[in-house]
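User: Hello! I would like to learn how to read the features of a protein model, one at a time. Could you walk me through this one?

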Amino acid sequence: MPEISKEIRAIVLRSNRFLANTLYENGLVKVDDIDEANEKLLDAIDAGNPRQISILNILIYELKKLEEKDYIDFVVKESKIGLIALRNYRLRPLGNAMNDPDICWATWTIPFDLVGDYYLVATAYHPSRPVIDYWEGIADKPIVWYGTDIQCITEAIDRISQSDSGEAEDEH
């Protein structure tokens, strides 16, 4: 696996630490759960596999310390954003830095359309302020945020990665 760049590593660490702290402060996980997940997160970073570099993914699927439904309910309630399923959505390439799959994996976020003067962006990490700040910092237009689940983000990033490599699917 390729080594993760310092920029990507920094955003991964900031975004995951912030998210873990938010989950703890809101009673969704215990400090011991976070400690265990952080160890696995650091191992995943060292292994260089972007699909594994998510404290949320580790807590939900690997350690089974958090139910994704409870997390999604929390995101909707606290963030007051809508949810979107991108499975049947045709992802529009934006033709700028916002299409970088490495950044998408690092933040578990994907811009999926440009409508008028707004980017439509889905994320599994909305409670993580460093993720929001990062994307709003690189965007040259305002962002309309949507929440989504981990599987949806994974599939969408895979689709964008395939289209970047010339293997775009014909979706409608």
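User: In which sense do strand β2 (residues 109-115) and β3 pair, and over how many bridges?

Analyst: Strands of a sheet pair through backbone hydrogen bonds, either parallel or antiparallel. Here β2 and β3 pair in the antiparallel sense over six bridges. Two strands count as paired if DSSP finds at least two bridges between them, and the helices (H or I, at least four residues) and strands (E, at least two) are DSSP runs, numbered from the N terminus. Before going on, note that this is a predicted model, where local features need pLDDT of at least 70 and side-chain atom pairs count only at pLDDT 80 or more, while totals for chains, interfaces and linings use all residues. Residues are numbered from 1 along each chain as its sequence is written, and side-chain values use heavy atoms, with hydrogens and water left out.

User: Which residues of β3 stand opposite P111 and L114?

Analyst: P111 stands opposite V121, and L114 has Y119 as its bridge partner.

User: What does β3 do with strand β4 (residues 143-147)?

Analyst: β3 and β4 pair in the parallel sense over five bridges. On the β4 side, I143 is the bridge partner of Y119. Between the two strands the chain crosses through helix α6 (residues 129-138), and this β-α-β crossover is right-handed. Right-handed means that, with the strands pointing away from the viewer, the path from the first strand over the helix to the second runs clockwise.

User: What is the order of the strands in the sheet?

Analyst: The order is β1-β4-β3-β2, in an open sheet of four strands with mixed pairing. β1 (82-83) and β2 stand at the edges with a single partner strand each, so one side of each has no neighbour in the sheet. Helix α6 packs on the sheet and touches β2, β3 and β4 (contact means heavy atoms within 4.5 Å). The direction of α6 makes about 145° with that of β4; axes are lines fitted to C-alpha atoms, for helices over the stretch in contact, and angles run from 0 to 180 degrees between N-to-C directions.

User: How many residues of β3 and of β2 are buried?

Analyst: Burial is read from relative accessible area: buried is under 20%, exposed over 50%, and partly exposed in between (1.4 Å probe, protein chains only). Five of the six residues of β3 (residues 118-123) are buried, so β3 is largely enclosed by the rest of the structure. For β2, five of the seven residues are buried, so β2 is largely enclosed too.

User: And which residues are buried in helix α3 (residues 55-62)?

Analyst: They are I55, L56, N57, I58, L59 and I60, that is, six of the eight residues of α3. After α3 comes K64, with a positive phi near 55°.

User: Which residues does A106 touch?

Analyst: Leaving out residues up to four places away in sequence, A106 touches I8, I11, V12 and S15. A106 sits in helix α5 (residues 101-107) and is buried, at a relative accessible area of 3%. Its C-alpha lies 9.3 Å from that of A10, although A106 and A10 are 96 residues apart in sequence.

User: How many aromatic pairs does the structure hold?

Analyst: A pair of aromatic rings is described by the distance of the centres and the angle of the planes. Rings of Phe, Tyr and Trp (its six-membered ring) pair if their centres lie within 6.5 Å; planes under 30 degrees apart count as stacked, over 60 as edge-to-face and the rest as tilted. The structure holds four such pairs. The rings of W105 and W108 have centres 5.4 Å apart and planes at 75°, so this pair is edge-to-face. W105 is buried at 6% relative accessibility, and W108 at 1%. Y134 and W135 are also edge-to-face, at 6.1 Å centre to centre with 85° between the planes.

User: Where does pLDDT stay under 50?

Analyst: That happens over residues 166-172, for which the model has eleven contacts beyond four places in sequence. pLDDT is the predictor's confidence in each residue, from 0 to 100. Where pLDDT is low, the predicted coordinates should not be read in detail. The chain averages a pLDDT of 89, and 91% of the residues score at least 70.
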